[in-house]
Amino acid sequence: MGGCHLCFLFLCLSSAMVVVSGSSSMNNNLPIITFEDGYTPLFGDNNLIIHNDGKLVHLTLDQRTGSGFVSHELYLHGYFSAKIKLPADYTAGVVVAFYMSNGDMFKKNHDEIDFEFLGNIRGRDWRMQTNFYGNGSTNTGREERYDLWFDPSQDFHQYSILWTDSKIIFYIDNVPIREVKRTESMGGDFPSKPMTLYATIWDASDWATDGGKYRVNYKYAPYVAEFSNFVMHGCGVDPIDENVAKCNNAQNSKANIIPKHKIKMENFRNNHMTYSYCYDRVRYQVPPPECVISLQEAEALRKLDPATFGGGRRHRGGGKRRHHQSKGRKAEDASF
């Protein structure tokens with residue numbers, strides 16, 4: 001129940017060895033759990049509906065409320081995944097999120113790791129962003145934003161987070177799209193406290209689409225996000241005594257992306273990334289310490305938005321605020 005319990009800590013750590021192996025089938029070998037085994041409703045009452053004996057969950061946003069669910073367990077590191085199908089048609093102002101957080105326990109110094117899907121007006125595509133915080137470092141936004149090479153409202157796609165003591169890797173359909181390596185100079189900005197897993201759909205009209213220009217139009221409601229194929233493979237932590245279970249950090253540190261997946265990640269980022277804080281010259285004259293600068297990424301972003309990403313210069317950042325608008329560069333295929 002819920003990935004792995006304290007009494008099965010050895011099994012959990014053995015499973016983590018599969019997660020960090022880096023093989024192309026690593027995620028396919030992990031057990032899929034039902035909603036009831038891993039999660040509980042968070043808010044939304046009847047706007048959360050469980051189907052197929054817990055194998056499928058619908059989260060709905062309507063004029064009354066959004067909805068969401070949360071994991072039973074707290075986790076310190078692991079692999080967490082779900083297949084998600086987003087609402088179609090006019091979705092401006094709608095945000096669907098799949099993320100980890102401990103904000104309920106640490107109000108002023110919380111950690112967070114996010115997938116966020118940002119709706120759009122009819123005829124324009126969903127956008128996706130990733131982000132992370134450590135120790136309440138919300139003033140240092142570390143978001144990236146991307147176009148997708150598919151329509152996420154037409155079918156289910158798998159979104160996954162691998163979190164260890166030394167890195168965070170985000171995946172789409174088993175393709176790594178972002179790797180964050182912990183550096184000493186980051187200090188507490190790297191997520192390091194136990195977190196729970198969340199999924200939500202909500203009205204973010206104030207910022208989600210073109211900085212709030214386009215808002216949720218409830219004429220198109222209900223907006224339904226579908227979740228299935230739940231994987232929660234991490235080290236469970238007792239919320240009363242967090243020292244009872246500690247992950248095998250030496251093993252976690254071995255999480256690596258194999259060369260062919262590294263190439264896929266580079267191709268994705270060069271062709272689909274529309275914003276990265278590391279290249280945002282307006283916000284950061286000097287990139288934050290964890291940034292690894294790629295000349296290819298810098299050039300692609302500079303062409304997309306010279307004002308933000310540094311008119312033709314090699315790089316020192318560049319960009320708008322957190323909710324930077326994509327310029328509509330749509331990927332043409334998935335041949336990374």
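Author: The largest pocket holds about 500 Å³ of space. The model is predicted: local features need pLDDT of at least 70 and side-chain atom pairs pLDDT 80 or more, while totals for chains, interfaces and linings use all residues. Residues are numbered from 1 along each chain as its sequence is written, and side-chain values use heavy atoms, without hydrogens and water.

Reader: What makes a space a pocket?

Author: On a 1 Å grid over the protein atoms alone, a pocket is an open set of points with protein on both sides within 12 Å along at least five of seven lines; a cavity is a set where a 1.4 Å probe fits but cannot get out. Grid points are joined across faces, edges and corners, and the volume is the space filled by probe spheres set on them.

Reader: Which residues line the largest pocket, and which of them are closest to its centre?

Author: Lining residues have an atom within 4 Å of a point. Of the 23 here, Glu-179, Met-265, Arg-269, Val-292 and Glu-297 are closest to the centre. Helix α4 gives the most to this lining, five residues.

Reader: Why are β8 and β9 called paired strands?

Author: Strands are DSSP runs of E, at least two residues; helices are runs of H or I, at least four, and both are numbered from the N terminus. Two strands pair if DSSP finds at least two bridges between them. Three bridges join β8 (residues 127-133) to β9 (residues 144-146), so the two pair. They run antiparallel, and Thr-130 has Glu-144 in β9 as its bridge partner.
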